Amino acid sequence: MKKIEAIIKPFKLDEVREALSEIGVNGLTVTEVKGFGRQKGHTELYRGAEYVVDFLPKIKVELIIADSLLEAAMEAIIKAARTGKIGDGKIFVSNVEQVVRIRTGETDEAAI
């Protein structure tokens with residue numbers, strides 16, 4: 001099993017969710033986060049004063065999937081989240097040792 005954490009632009013969330021649903025991903029967790037990469041934030045003007053926005057709003061999508069779905073899930077996220085501009089985000093993949101569904105006690109792939 002693998003855990004995918006994708007950091008994407010907020011307005012791309014619905015497209016990413018739909019793309020993952022189409023390949024059979026059942027569940028995911030979404031968190032509003034802030035951060036920066038190569039963009040390093042930007043400068044804005046507010047009531048005549050200039051200030052720097054260091055951390056930009058992003059969405060973090062987390063999902064646990066079977067190894068067999070990894071490539072399809074990554075491809076779906078990339079295709080749905082890409083705008084071609086800086087700040088499109090990143091995908092992190094890690095191994096998952098064990099999963100337990102609390103309600104039923106199911107473990108591993110039966111629990112995802």
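The legends below describe close-up views of a predicted model.

Local features are given only at pLDDT of at least 70 and side-chain atom pairs only at pLDDT 80 or more, while totals for chains, interfaces and linings use all residues. Residues are numbered from 1 along each chain as its sequence is written, and side-chain values use heavy atoms, with hydrogens and water left out.

**View 1. The open sheet has four strands in the order β2-β5-β1-β6, with antiparallel pairing.** Its edge strands, β2 (29-35) and β6 (90-95), each pair on one side only. Neighbouring strands are turned by 25 degrees against each other on average, direction ignored. Helices (H or I, at least four residues) and strands (E, at least two) are DSSP runs numbered from the N terminus; two strands pair if DSSP finds at least two bridges between them. Axes are lines fitted to C-alpha atoms, for helices over the stretch in contact, and angles run from 0 to 180 degrees between N-to-C directions.

**View 2. Strand β2 is joined to β5 (residues 56-65) by seven bridges.** The two strands run antiparallel. Thr29 stands opposite Glu62 in β5.

View 3. Helix α2 (residues 70-81) lies across β1, β5 and β6 and runs at about 5 degrees to β1.

**View 4. Strand β1 is largely enclosed by the rest of the structure, because five of its seven residues are buried.** Buried means under 20% relative accessible area, exposed over 50%, and partly exposed in between (1.4 Å probe, protein chains only). Seven bridges join β1 to β5, and six join β1 to β6; the strands run antiparallel in the β5 pairing and in the β6 pairing. Ala6 has Val61 as its bridge partner in β5, and Lys3 has Ser94 in β6.

**View 5. Glu5 lies in strand β1.** Its side chain makes a polar contact with the side chain of Lys60 (3.2 Å). A polar contact is a pair of N or O atoms within 3.5 Å; within protein, one must be able to donate a hydrogen and the other to accept it, and residues adjacent in sequence count only if both atoms are side-chain atoms. Not counting residues up to four places away in sequence, Glu5 touches Lys60, Val61, Glu62, Lys90, Ile91 and Phe92.

**View 6. Lys85 sits in the loop between α2 and β6.** Lys85 counts as exposed because its relative accessibility is 61%. Lys85 and Val100 are 15 residues apart in sequence and 39 Å apart in space, C-alpha to C-alpha.

Note on methods:
Contact means heavy atoms within 4.5 Å.
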